[in-house]
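Please walk through this structure with the model open beside the text.

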Amino acid sequence: MPRAGLSRDAVVRIAADLVDAGGATGLADLTLAKVAATAGVAAPSLYKHVGSLADLRRHVALVALEELTTASAAATIGRAGPDALRALARTWRAYAQDHPGRFAAVQLAPDPDAPEDAEHRASAARVVALVAAVLQGFGLPDDRVIDAVRSVRSGVHGFVQLELSGGFRLPEDLDRSFDVLVDMLVAGVTALGDATRPLSPEEQP
């Protein structure tokens, strides 16, 4: 039976659940036909609510970004420096494990010039701003913050993507390896801050 009162939000939530059910490849495998079948409507009916498959994926990305931002803010509030970075990394990994398809959608980059991507750009910017705020606790100068944001994102997301796709086959504990990765990120960001910090009078040669 067709689902009465279908809305854009309902369509997006169905799509978000489908991509999670599909695991690491759920987002790539998403189709309007799958969403329509789950909603109990004909595929053309979805065009009343979303403009295209790309539009639907964009809205799934918005859901994921907002969820990840909310979870990250809750995990890092009241924390600073290494403690905050470790909490942030653990939160990202936990979100990816619970929502693998949505986590993949977080990686979708909005077009910097497309008007239809304005909301997506704003949502992505909020995540970057939150990470930047966490990393400011390391005393980084403004011109190195984005370098640190990119490095942390690459490290955590790379580990998680390999984990979700079954890329780690050796028997050693993955939790321990993830903790080692985060320790390395903390050390790297700390070193970046130290390298750019002016020497105190006591440290002057």
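**Salt bridges, a buried side chain and pockets**

Arginine 144 has a relative accessible area of 28%, so it counts as partly exposed. This is a predicted model. The side chain of arginine 144 forms a salt bridge with aspartate 147, with 2.9 Å between the closest N and O atoms. Both residues lie in helix α7, and because they are three residues apart, about one helical turn separates them. Aspartate 147 is also partly exposed, with a relative accessible area of 34%.

The structure holds twelve salt bridges. Another of them joins arginine 93 to glutamate 163, where the closest N and O atoms are 2.8 Å apart. Arginine 93 belongs to helix α4 (residues 81-98) and glutamate 163 to helix α7, so this pair ties together parts 70 residues apart in sequence. Both arginine 93 and glutamate 163 are buried. Arginine 93 also meets aspartate 175 in a salt bridge, at 2.9 Å from N to O. Aspartate 175 lies in helix α8, so its pairing with arginine 93 in helix α4 ties together parts that are 82 residues apart in sequence. Aspartate 175 is partly exposed, at 43% relative accessible area, whereas arginine 93 counts as buried because its relative accessibility is 8%, under the 20% cut-off. Elsewhere, a network of salt bridges links Arg13, Asp17, Asp20, Glu67 and Arg102.

Helix α8 (residues 174-196) also contains phenylalanine 178. With a relative accessible area of 2%, phenylalanine 178 is buried. Leaving aside residues up to four places away in sequence, phenylalanine 178 touches Ala89, Arg90, Arg93, Val156 and Phe159. Arg93 in this list is the arginine that bridges to glutamate 163 and aspartate 175.

The largest pocket holds about 320 Å³ of space. Among its 17 lining residues, Val106, Ala124, Val127, Val128 and Arg153 are the closest to its centre. Helices α3 (53-76), α6 (118-136) and α7 (142-164) each supply at least two residues of this lining, and α7 gives the largest share, five residues. By class, the lining has 13 nonpolar, two polar and two charged residues.

The second largest pocket holds about 170 Å³. Its lining consists of Arg8, Asp9, Val12, Arg13, His59, Leu62, Val63, Glu66 and Glu119.

Methods:
Residues are numbered from 1 along each chain as its sequence is written. This is a predicted model: local features need pLDDT of at least 70, side-chain atom pairs count only at pLDDT 80 or more; totals for chains, interfaces and linings use all residues. Side-chain values use heavy atoms; hydrogens and water are left out. On a 1 Å grid over the protein atoms alone, a cavity is a set of points where a 1.4 Å probe fits but cannot get out, and a pocket is an open set with protein on both sides within 12 Å along at least five of seven lines; lining residues have an atom within 4 Å of a point. Grid points are joined across faces, edges and corners, and a volume is the space filled by probe spheres set on the points. Helices (H or I, at least four residues) and strands (E, at least two) are DSSP runs, numbered from the N terminus. Ala, Val, Leu, Ile, Met, Phe, Trp, Tyr, Cys and Pro count as nonpolar, Asp, Glu, Lys and Arg as charged, and the others, Gly among them, as polar. Buried means under 20% relative accessible area, exposed over 50%, partly exposed in between (1.4 Å probe, protein chains only). Contact means heavy atoms within 4.5 Å. A salt bridge is a side-chain nitrogen of Lys or Arg within 4 Å of a carboxyl oxygen of Asp or Glu.
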